[in-house]
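Here is a short report for a first look. Please keep the sequence and the structure in view while reading.

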Amino acid sequence: QVQLVESGGGLVQAGGSLRLSCAASGHTFSDYSMGWFRQAPGKEREFIAAILWNSATTDYADSVKGRFTISRDNAKNTMYLQMNSLKPEDTAVYYCARIVRWPKSPDFGSWGQGTQVTVSS
């Protein structure tokens, strides 16, 4: 049973930075591509970024390209999302998930509980 736990969210001013983590257990982490998604109040969950199982390839939504960086450490079973130059519109609950079809199709059974990111203007 895959288990994903997100952490690192918080309240930050516009222009600031946060680093999110996604700790995985219950499956062979290095076998899977992984991704970050977010859901703002009243909006659908949207794709943010994905990383191939071996970190060879990444993909980003246009809205975060150049500001966010996805990475992973397979030895630690952990994925990261470095978020810089944050904007109020980045406010959302951020989730990680396994990617079953590159780059944007999540394993809907793998969602973690999410971590709240709030960016004040």
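## Arg 38

The side chains of Arg 38 and Tyr 94 are joined by a polar contact of 2.9 Å. A polar contact is a pair of N or O atoms within 3.5 Å; within protein, one must be able to donate a hydrogen and the other to accept it, and residues adjacent in sequence count only if both atoms are side-chain atoms. A polar contact of 2.7 Å links the Arg 38 side chain to that of Glu 46.

This is a predicted model: local features need pLDDT of at least 70, side-chain atom pairs count only at pLDDT 80 or more, and totals for chains, interfaces and linings use all residues. Residues are numbered from 1 along each chain as its sequence is written, and side-chain values use heavy atoms, with hydrogens and water left out.

Arg 38 sits in strand E4 (residues 33-39). Strands (E) are DSSP runs of at least two residues, numbered from the N terminus. Arg 38 has a relative accessible area of 5%, so Arg 38 is buried (under 20% relative accessible area, 1.4 Å probe, protein chains only).

## Arg 98

Arg 98 belongs to strand E9 (residues 92-101). Arg 98 counts as buried because its relative accessibility is 12%. Its side chain makes a polar contact of 2.8 Å with the side chain of Asp 107.

## The core

The largest nonpolar core has 33 residues. Such a core is a set of buried Ala, Val, Leu, Ile, Met, Phe, Trp, Tyr and Cys residues joined through side-chain atoms within 4.5 Å. Among those with the most contacts inside it are Trp 36, Met 79 and Tyr 94.

Definitions and conventions:
Helices (H or I, at least four residues) and strands (E, at least two) are DSSP runs, numbered from the N terminus. Buried means under 20% relative accessible area, exposed over 50%, partly exposed in between (1.4 Å probe, protein chains only).
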